[in-house]
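Reader: Could you walk me through a few side chains in this structure? I am new to this, so please take it step by step.

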Amino acid sequence: MAYLSEVHLKGFDRYKYKSRDTSPLSTYVMHPFWNNVVKLLPMWLAPNLITFLGFLFLVSNFAIMGYYDFDYSTSNNTKHRPIPQWVWLYCAISHFLAHTLDGIDGKQARRTGSSTPVGELFDHGLDSCSTALLPLTVISMFGRSPLWGGNPHDVMFPLLACCAGFFLSHWEKYITKELYLPWIYDVMQLGISVAYLVTFFGGVEFWHFNVFAGLSCAQTMRWVLIMGFIGSVPTSLWNIYCHCNTSSTEGQSAGHERPSSPTTAAAVTPVKLTLYDALGPWVPIVLLTVLYCLWAKYSPTDIVDKQPRIFYLSVGIVFSNICCRLIICQMSGQSCELFNMLLMVLASAIALSLLQPAQEVAVLYVYTSGVFMAHIHYGTSVVLQLCDHFKIHCFTLKKNPSS
């Protein structure tokens, strides 16, 4: 199934990557480190393979933690076997490797002369999947303890804040055509690896203290995630304002035009971006938030308490699909879709759960499996279509002459 039209493909042909990273940590520590690490890689190693391997490290963290702490109760329940200490060490190393591989895949692409829009889409698409996996793995450190952990319902807004923060960066790029990399990103990634190491040496009991004002470590982490998103909004809006103001002053249309319609193959004369065009990408995110909050609140069996990991995993899957579609529209210069069909599936699952309370867990599993397979099909189809268009292979540096 071809998800991309000819207009999308022509947009990808014109696409040029542009980013801005002014973080001191990135500039003076991470990039010099990555520049040395990438020299150790063989020239035949494809950048997308590096990206995928890094993503698999994060998936393995989520899967292992899910095996030992499926419902987030192991850290605070003596009836369950504790999470083995080696798991925390593995997660620390695995997360650091994932972050390192994510930092060197682009450098390997430039080093081998294999940079294409496929690589950026593949990288950012997998990053959108990782956005939910990271917090859903880390919170096993704190568990459900009323004193030191929290109710699974407390995870909803911090998780949505993480997703919204990632979406905000790409919405900003949708308007400005430039990706502004947040300063907090590398700090957070390194902090997670350190937190895993601390848990390995000190156990989950290490986190049983109040940080300040009676807030536990878990509560503090949740507020940091929420406030991190809220604090990034003014910065993004300022970047958009400065970009639009500069473009208007210099008489440029780049990044300040309304994206063309995907149904029209003809060239579109750039016009000023309207408020409707600019805010449109947030419609599916708002619908996602409202629908999941309604399901969590009115669930007849308290599904979030019984199946928190699966429930929140489904949130991450649907979010990733919405975000990937935004990234594709941004890279191809097309208008962003205002509605995602997976939201219709979500609404149907909620309705079925309310009508058949006894089957709510089964509905959740079927729904999650369905959106997972739909997202995998979408992502795989888009990547294969673009690889065919650019006459390349995804995981090797060989050209595809048969295309």
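**Salt bridges and a buried leucine**

Author: Happy to! With a relative accessibility of 34%, Asp154 counts as partly exposed. Keep in mind that the model is predicted.

Reader: Which residue meets Asp154 in a salt bridge?

Author: Asp154 is in the loop between H5 and H6, while its partner is in helix H8 (residues 217-250), so the pair ties together parts that are 68 residues apart in sequence. The N to O distance is 3.9 Å, and the cut-off is within 4 Å. The partner is Arg222.

Reader: Is Arg222 buried or exposed?

Author: The relative accessible area of Arg222 is 13%. Buried means under 20%, so Arg222 is buried.

Reader: How far apart are the closest N and O atoms of Arg144 and Asp305?

Author: Arg144 lies in the loop between H5 and H6 and Asp305 in helix H11 (residues 303-306), so this pair links parts that are 161 residues apart in sequence. Arg144 is partly exposed at 21% relative accessibility, and Asp305 is partly exposed at 27%. The two form a salt bridge, with their closest N and O atoms separated by 2.9 Å.

Reader: What is the C-alpha separation of Leu101 and Leu49?

Author: Leu101 sits in helix H4 (residues 85-112) and counts as buried at 14% relative accessibility. Leaving aside neighbours within four places in sequence, Leu101 contacts Ile50, Leu53, Gly54 and Phe57. Leu49 is 52 residues from Leu101 along the chain, and their C-alpha atoms are separated by 9.7 Å.

Key: Residues numbered from 1 in each chain as written. Predicted model: local features only at pLDDT ≥ 70, side-chain atom pairs only at ≥ 80, totals over all residues. Heavy atoms only, no water. Helix = DSSP H or I, 4+ residues; strand = E, 2+ residues; numbered from the N terminus. Buried < 20%, exposed > 50% of the residue type's maximum accessible area, 1.4 Å probe, protein only. Contact = heavy atoms within 4.5 Å. Salt bridge = Lys/Arg side-chain N within 4 Å of Asp/Glu carboxyl O.
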